[in-house]
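Me: I have a structure open and want to go through it piece by piece. Can you take some quick questions?
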Amino acid sequence: MAALRSVVLAGGGTGGHIYPLLAFADCLRRHDPGLRITCIGSERGMEGEIIPQRGYDLRTVPAFQLPRSVNMNLVRTPDRMYKSAKATREILDEVEADAVVGFGGYVSVPAYIAAWRRKTPTIIHEVNVPVGVANKMGMRFTKHIVLGFPHQAQQIPSVAHAEVVGVPLRQSIATLDRAALRERARAHFGLDPHLPTLFVFGASAGARSINLAVSGAAKQITGSGVQVLHIIGARNDDVEVPSGLPAPYVKVKFLSEMELGYAAGDLALCRGGAMTCAETAAVGMPAIYVPLPWGNGEQRRNALPVVEAGGGLIVEDGDLSPQWVTDTVVPLVRDGARLAGMSRAAAGYGRRDGDEALRRYLLKVVGA
């Protein structure tokens, strides 16, 4: 088997691309502390705030949104992409890359092109339906495509024969025992150790419609003996919550240790991003998913298999309101027997070994 000495990981823009990249980097480092790991990102994405803090080498290259229609950006694309791919090729040469693994985002495209020109083995990891624009373009340059979820292979003919490896998750989540950590997690947030707990969050930036619906029902939720842990979102405006509520209602702007939230909560109310669905299912977190009301519907498609397995519910963003929270969420979070069944169903669908499965695939590709 060929030696693996240097790997380049490409992806950026949003947490959905960055967090699986980092989880995979951690996995590679656990197995081989001497392996050179280089991350390729853009200058404007979240990766600049996150990746260096985790101790990984981040190199930035120009990244441009790929046009979806005929306009001036389409005319400029070839020249821009040539410059980006050239800059990326220089990085691959400098670090003597043995392989490239891409997780999507526009910055992945020049990495795919540079690796193809350099004849460097390339793997594309995709978690969405339909395939993201960047990864769809990257599929022209490599046959090594892996998927995060089984339903992708069933719904996308072009990846019907791709291997399903799961989604790389950080170890604190992949190894989480929610019941064992629950008491400590609730104490961390100042929550009552015994009350039913609703865990509310959007994506990394939060979700305004979720925030307004839950905060608007704060009196009814807490009046029913349910406490709330609510992540507002770092980029969202704060929401008003009445004082003097009969049960704790804890707000935080951002939570880096999501495992504490999953352990503290009995039921999650959240968006339907691929990472969110992968994490909630893996840890057996019953969830009500509120898919984004715009885009191409991928968040609904992400959440639907978990729901069909019995691990959650879906509510459309336009139907979510304080009254809906009062009428539907409160009775569910108080129903311990139903939540236990949903937890088992979610865990049965989810998987915790996405990082290890992707590493095995990488070694197979490099060895071939």
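Me: Start with H230. Leaving aside neighbours within four places in sequence, which residues is H230 in contact with?
Reply: This is a predicted model. In it, H230 touches V200, N211, V214, V239, Y249, V250, K251 and V252, once neighbours within four places in sequence are left aside.

Me: Where does H230 sit, and is H230 buried or exposed?
Reply: H230 belongs to strand β9, which covers residues 227-231. H230 is buried, because its relative accessible area is 0%, and the cut-off for buried is under 20%.

Me: How far is H230 from N128?
Reply: The C-alpha atoms of the two are 27 Å apart in space, and 102 residues separate H230 and N128 in sequence.

Me: OK, S343 next. Which helix is S343 in, and what does S343 contact?
Reply: S343 is in helix α15, residues 336-349. Apart from neighbours within four places in sequence, its contacts are R178, G284 and P286.

Me: Why does S343 count as buried?
Reply: S343 has a relative accessible area of 18%, and buried means under 20%.

Me: Let's do cavities. How many of 30 Å³ or more?
Reply: There are three cavities of 30 Å³ or more. The largest cavity holds about 40 Å³ of space.

Me: What lines the largest cavity?
Reply: The lining is made of Y19, L22, A23, R54, R170, M275 and E279. By class that gives four nonpolar, no polar and three charged residues.

Me: Which helix gives the most to that lining?
Reply: α1 does, with three residues. Helices α1 (15-31) and α12 (274-282) each supply at least two.

Me: Backbone now. Which peptide bond is cis?
Reply: The bond from V129 to P130 is cis, with omega near 0°. P130 lies in the loop between β5 (122-126) and α5 (133-138). Most peptide bonds are trans.

Me: What about phi for E96 and K119?
Reply: Phi is near 55° for E96 and near 60° for K119, both positive values in residues other than glycine. Most residues other than glycine have a negative phi.

Me: Where are those two, and are they buried or exposed?
Reply: E96 is in the loop between α3 (72-95) and β4 (99-102), and at 59% relative accessibility E96 is exposed. K119 is in the loop between α4 (108-118) and β5, and K119 is exposed too, at 74%.

Me: Last topic, the overall fold. How many helices and strands?
Reply: The protein has 16 helices and 13 strands. Of the contacts with a separation of 6 or more, 66% join residues 24 or more positions apart.

Me: What about size and burial?
Reply: The radius of gyration is 21 Å, which agrees with the value near 21 Å for a compact globule of 368 residues. The C-alpha atoms fill a box of roughly 65 × 45 × 35 Å along the principal axes. Buried residues make up 54% of the 368.

Me: And the surface?
Reply: The accessible surface is about 15,800 Å², and 51% of it belongs to carbon and sulfur atoms.

Terms used: Residues numbered from 1 in each chain as written. Predicted model: local features only at pLDDT ≥ 70, side-chain atom pairs only at ≥ 80, totals over all residues. Heavy atoms only, no water. Helix = DSSP H or I, 4+ residues; strand = E, 2+ residues; numbered from the N terminus. Rg over C-alpha atoms; globule rule 2.2 N^0.38 Å. Buried < 20%, exposed > 50% of the residue type's maximum accessible area, 1.4 Å probe, protein only. Contact = heavy atoms within 4.5 Å. Areas by Shrake-Rupley, 256 points an atom, 1.4 Å probe, with all protein chains shown as cover. 1 Å grid on protein atoms, 1.4 Å probe; cavity = no way out; pocket = protein on both sides within 12 Å on 5 of 7 lines; lining within 4 Å. Points joined across faces, edges and corners; volume = space filled by probe spheres on them. Nonpolar A, V, L, I, M, F, W, Y, C, P; charged D, E, K, R; others polar.
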